[in-house]
Amino acid sequence: VALNYATKWGISVIGIESEAYQASIKYVFEYIERRNEMASRLIVKQMPTGKRSKYARIASWVGYLRSHEYCLTKGDLTTTNQLLAYDSAKKTNDDDLIDAESYGVYMIEKHLSEIMASSQHRLLSPQQVILNYSPL
């Protein structure tokens, strides 16, 4: 699904959590790219989760929302409801969407130059892409 959306919307940089099951997805993306000869287009970045708690990630993202540096689309009730219901003391929040959205801050802080370069349709050579696949 992610690769289909990346193709549909012209996305060239994708972030994937570096923990457990999610970390293995990176290698699936790489395989599909090689099989489809897409290696010069997609950059997959692994995002560390252990250094920062989920609460810290979400709080940082909410700071971007409050300062209007990041915004929600009009009528985004799912995100709004998850933010309103989030309880940092609970381990079982329904927070998958806001957790995923909070990684946008990480991607902007760590990979903005690559995101901007890809948005200008600057294609990288396969050698450059392979270098970008090294773990963080």
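**Notes on the predicted model**

1. Isoleucine 14 stands opposite valine 44, a residue of strand β2. The strands β1 and β2 run parallel and are joined by 5 bridges. Strand β1 is mostly covered, with 4 of its 5 residues buried. Please note that the model under discussion is a predicted one.

2. As to the overall arrangement, the protein chain contains 6 helices and 2 strands. Read from the N terminus, the order of these elements is α-β-α-β-α-α-α-α. The protein chain has 136 residues, of which 36% count as buried. Its accessible surface comes to about 9100 Å², and carbon and sulfur atoms account for 57% of that surface. Where contacts link residues at least 6 apart in sequence, 67% of them join residues at least 24 apart.

3. Helix α2 spans residues 20-35, and its buried residues are Ala23, Lys26, Phe29, Glu30 and Glu33. These residues lie on the same side of α2, because the arc they cover around the axis is only 95°. A general point of helix geometry applies here: an α-helix has 3.6 residues a turn, so residues three or four places apart point the same way. The opposite face, turned away from the buried side of α2, carries the exposed residues Ala20, Tyr21 and Arg35.

4. The largest nonpolar core consists of 7 residues: Ile58, Trp61, Tyr64, Leu65, Tyr86, Ile98 and Val105. Helices α3 (54-66) and α5 (96-119) are the elements that give two or more residues to this core. The largest share comes from α3, which supplies 4 residues. In soluble globular proteins, nonpolar side chains tend to be buried together.

5. Leaving aside residues up to four places away in sequence, tyrosine 86 touches Lys54, Tyr55, Ile58, Asn93, Asp95 and Ile98.

6. The structure holds 1 aromatic pair. Tryptophan 61 and tyrosine 70 form this pair in an edge-to-face arrangement, with 5.8 Å from centre to centre and 85° between the planes. Are the two partners buried or partly exposed? Tryptophan 61 counts as buried because its relative accessibility is 0%, whereas tyrosine 70, at 23%, counts as partly exposed.

7. Histidine 68 is placed in the loop between α3 and α4. Its phi is near 65°, a positive value in a residue other than glycine. Histidine 68 has a relative accessibility of 71% and therefore counts as exposed.

8. A further loop residue is aspartate 94, found between α4 (77-85) and α5. Its relative accessibility is 60%, so aspartate 94 counts as exposed. Aspartate 94 and leucine 83 are separated by 11 residues in sequence and, from C-alpha to C-alpha, by 9.5 Å in space.

Conventions: Residues numbered from 1 in each chain as written. Predicted model: local features only at pLDDT ≥ 70, side-chain atom pairs only at ≥ 80, totals over all residues. Heavy atoms only, no water. Phe/Tyr/Trp six-rings, centres within 6.5 Å; stacked < 30°, edge-to-face > 60°. Buried < 20%, exposed > 50% of the residue type's maximum accessible area, 1.4 Å probe, protein only. Arc of directions from axis to C-beta. Core = buried A, V, L, I, M, F, W, Y, C linked by side-chain atoms within 4.5 Å. Contact = heavy atoms within 4.5 Å. Pairing = 2+ DSSP bridges. Areas by Shrake-Rupley, 256 points an atom, 1.4 Å probe, with all protein chains shown as cover.
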